[in-house]
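Please open the model in your viewer and keep the selection tool at hand. The tour moves from a pair of packed elements to a single residue.

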Amino acid sequence: MANADFSQKQPERPGGFDSGSYREAPQKAPERPLTPAQQKLAGLEKALPAPLQQRAAAVLLAAVIAVGSLVGFGGAKLRSRYNEAKSWYAVGVKADNGYTLSDELEERAFTAANVITTALNTQGLGSESPEVRQAQAALEAFEDCKDALDGGGNGMQAMYQANAALDAAVDQLYARMQELAEDPLQMGAVQSQYGRFNSAGTILGSLRYNEEVIQYQKETGGLLASVLGGLFGVQEVELFG
């Protein structure tokens with residue numbers, strides 16, 4: 001038998017790895033666009049200091065879940081409840097039997113303007129009187145606050161403060177008019193306007209609006225609901241005071 005020839009060199013393999021030795025890198029799944037809620041969470045996270053950003057999204061998301069599960073208010077339901085509470089300024093709450101903050105504040109502005117107009121035509125007062133000037137300034141600030149509320153904005157606490165300032169200024173002006181009157185107990189039409197001004201103030205102080213707002217705040221979860229509310233365009237419903 002002939003001896004096998006082992007002297008023939010075996011074909012050399014090319015150096016390194018051939019293309020078949022590499023595993024194809026896994027392809028990344030395309031990134032999904034953020035939902036509006038996720039975008040708002042991301043914005044809140046970016047506003048935090050760097051050390052807090054890592055856990056911010058998880059904490060905020062946990063707050064949203066807590067509100068939805070513990071309180072039972074989903075985004076749509078919270079928005080509906082907010083719209084109802086926001087409307088109380090103009091339509092009133094059931095317990096107030098048709099009286100509203102908006103109407104009584106309007107009555108205060110109207111009657112205060114009538115008292116001031118009478119004072120402008122009263123001998124001894126006029127436009128340069130400090131009492132008249134103070135009342136006019138208070139009425140202007142009052143009307144600015146009311147315009148903001150009527151336009152759907154916030155500012156109920158500022159409205160309360162403006163109302164208190166107008167109350168004090170009209171009281172002082174009317175007291176000065178009584179000093180100048182022949183009979184301080186018989187002052188005609190201005191006496192009626194001043195009485196209506198005070199009557200509207202009494203009604204404002206007895207409305208159940210604040211009680212309903214407090215109940216609303218309890219139902220919607222307070223601070224946690226404010227996080228969820230920010231995601232669904234829900235703002236704070238303020239107390240009058």
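Begin by selecting H5 and H6, where H5 passes H6 in a left-handed crossing (the near helix is turned anticlockwise from the far one by less than a right angle). The model is predicted, so local features need pLDDT of at least 70 and side-chain atom pairs count only at pLDDT 80 or more, while totals for chains, interfaces and linings use all residues. Residues are numbered from 1 along each chain as its sequence is written, and side-chain values use heavy atoms, with hydrogens and water left out.

Helix H5 covers residues 130-150 and helix H6 residues 156-180, and the two pack at an angle of about 155° with their axes 8 Å apart (axes are lines fitted to C-alpha atoms over the stretch in contact, and angles run from 0 to 180 degrees between N-to-C directions). That angle makes H5 roughly antiparallel to H6, a term for angles over 145 degrees.

Next, select Cys145, which has its place in helix H5. Leaving aside residues up to four places away in sequence, Cys145 touches Ala158, Met159 and Ala162. The C-alpha atoms of Cys145 and Asn163 are separated by 9.3 Å, although these residues lie 18 residues apart along the chain.

Finally, colour the buried residues of H6 (under 20% relative accessible area, with a 1.4 Å probe and protein chains only), which include Met159, Ala162, Asn163 and Tyr174.

Conventions: Helix = DSSP H or I, 4+ residues; strand = E, 2+ residues; numbered from the N terminus. Parallel < 35°, antiparallel > 145°, perpendicular 65-115°, else oblique. Contact = heavy atoms within 4.5 Å. Buried < 20%, exposed > 50% of the residue type's maximum accessible area, 1.4 Å probe, protein only.
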